[in-house]
Amino acid sequence: MADDVARFQRYLADERAAARRYRALADLTEGSRSQALRELAAIEDRHAEHWESLLRQRGAAIPAVPEATPADDELLRRARTSGLDAVLGQLEQEERDAQGMYDGERFAAPGMADDERTHERVLGQMRRGDQPPAEEGAVGGPGAGGLSGDELRDLMSEREPWHRADKSGTLRAAIFGVSDGLV
């Protein structure tokens, strides 16, 4: 049990740090890139909430949420001076290196490992300059079967109930659709 608590606290710290970093990077850009980074931060927040819940169930202390991103975050410092494009490759590699961290974790929430793989693909799309669909209902193209944003959300809700199926726009569908191979 002590090993579980230590591991969950490590996961919680990592998820919180990633969410803070994505939000800080989102503040450095605008438009669809900013929105995509905020979506990634929201996914990390959900993961953090999961680990917090498991820690509470075990009666473990929940570390306080750090108020800011550490000043010594070299990636953020470089992004502030050179722009988001200067760090996208490194971010993508960090996400690639982290893939699989939840594959053998029996306490991971369903879909958590897939979410982590999605982050690398989203960052790769940003690095290559791929843009999410510009208008509501425009999600489609090769592999997506020409689904509208609403149809894609309905399909995802049916197949993967852990995804929120709200009407917040096609970016959410595009990000989650990447993990399903639909976009």
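Rings of Phe, Tyr and Trp (its six-membered ring) pair if their centres lie within 6.5 Å; planes under 30 degrees apart are stacked, over 60 edge-to-face, the rest tilted. The model is predicted: local features need pLDDT of at least 70, side-chain atom pairs pLDDT 80 or more, while totals for chains, interfaces and linings use all residues. Numbering starts from 1 along each chain as its sequence is written, and side-chain values use heavy atoms, without hydrogens and water.

**View 1. Aromatic pairs around Y102.** The ring rule gives five aromatic pairs. Y11 and Y102 sit 5.0 Å apart, centre to centre, with planes at 75 degrees, so they are edge-to-face. Y11 belongs to helix 1 and Y102 to the loop between helix 4 and helix 5, so this pair ties together parts 91 residues apart in sequence. Helices are DSSP runs (H or I, at least four residues), numbered from the N terminus. W51 and Y102 make a tilted pair, at 5.5 Å and 35 degrees. Both W51 and Y102 are buried (under 20% relative accessible area, 1.4 Å probe, protein chains only). F8, Y11, W51, Y102 and F107 form one aromatic cluster.

**View 2. Helix 3 against helix 4.** Their axes (lines fitted to C-alpha atoms over the stretch in contact; angles run from 0 to 180 degrees between N-to-C directions) come within 8 Å and cross at roughly 155 degrees. That makes the two helices roughly antiparallel (over 145 degrees). Helix 3 makes the contact (heavy atoms within 4.5 Å) through L75, R78, A79 and S82. Helix 4 supplies A86, V87, Q90, L91 and E94.

Definitions and conventions. Angles under 35 degrees count as roughly parallel, over 145 as roughly antiparallel, 65 to 115 as roughly perpendicular and the rest as oblique. Buried means under 20% relative accessible area, exposed over 50%, partly exposed in between (1.4 Å probe, protein chains only).
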